[in-house]
Amino acid sequence: ILRGRSRAGELAAAPAPRAAADRLLVSDLIIRWLREGPAAAPNKRASSWAHDASRLNRHIAPLLGKRVVASLKAADIERAQADIAEGATAADIRTGARGRAIVRGGRAAARSAITTFAACLAWAKTRGLIDDNPAAGVRKIADVKRERFLSEAEAARLLATLDTLQTRARISATFADVIRVLLLTGARKNEIAALTFDELDSERGVIRLRNLRSKTGDKVIVLSGAARAILASRPRQSRFVFASDTAPDTPIVGLQKPWSRVRAAAQLPGLRLHDLRHSFA
């Protein structure tokens, strides 16, 4: 007897594992995958999991969060993809006293959200939570290639604009230097924004990134003279080359806002930070 109930009766009253799985909601599956999934994918970067969490919580959860996972059909996934593409999940969300998150829909957002959700459902299948992945046969919206290449004149104007805005204290030296190094190396944003002094080999003039810091595995980025000079000028107040002004033990965040200011001042509408990588290439 256990607190007035027999152990046999307690076991009989407990739901079978499969019965519990059959009642699992999409919102609960998302939470579980984001918590347990990294153990099954040890080589997946933390930043990739953060992007997955954003896609699922901003797009999938609002549309399908209250649905039972086992009840989902391919048609439900297709409808969600179409809704995201049409802007159904677009929102302006407060993230704190001063913060806000602008969630935009569109074709690219729909494709990435459904791709991530398909991976989540695939994991659920391997765990025996569902028998089939309803997203497996869903055709994703075609990827929209957006490539923009700076001309030499535009690149010179961008660098001159950075100098002007920094002189006028409209952008910090840290943000300005990150943008300069992105243009001069062709590296990805997070590879530079979270760069540490340990990854910087000044003697050989290269950056060495380990597997979990680079999307393509261990990576060596050769530095030009101009890039080396910028990195050599950075103060060593933290292990991060571009440390946050308010939290020196963390790398900078929020590059998009100053970038929008620079882009507008340089008269380069629509230019993305990733386009600096294209231009370098």
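Two rings of Phe, Tyr or Trp count as an aromatic pair if their centres lie within 6.5 Å, with the six-membered ring used for Trp. In this predicted model, a search of the whole structure turns up one such pair. An aromatic ring also features in another kind of arrangement: the charged end of Lys44 sits over the ring of Trp49, at 3.8 Å from the ring's centre.

Stepping back to the overall picture, the protein is built with 12 helices and five strands. Of its 281 residues, 38% are buried.

Now for the strands. Three of them make up an open sheet, lined up in the order S3-S4-S5 with antiparallel pairing. The edges of this sheet belong to S3 (residues 200-201) and S5 (residues 219-222); each has a single partner strand, so one side of each goes without a neighbour in the sheet. Looking at one pairing in detail, S3 and S4 (residues 206-209) run antiparallel and are joined by two bridges. Within this pairing, Leu200 stands opposite Ile207 of S4.

Terms used: Residues numbered from 1 in each chain as written. Predicted model: local features only at pLDDT ≥ 70, side-chain atom pairs only at ≥ 80, totals over all residues. Heavy atoms only, no water. Helix = DSSP H or I, 4+ residues; strand = E, 2+ residues; numbered from the N terminus. Buried < 20%, exposed > 50% of the residue type's maximum accessible area, 1.4 Å probe, protein only. Pairing = 2+ DSSP bridges. Phe/Tyr/Trp six-rings, centres within 6.5 Å; stacked < 30°, edge-to-face > 60°. Lys NZ or Arg CZ within 6 Å of the ring centre and 35° of its normal.
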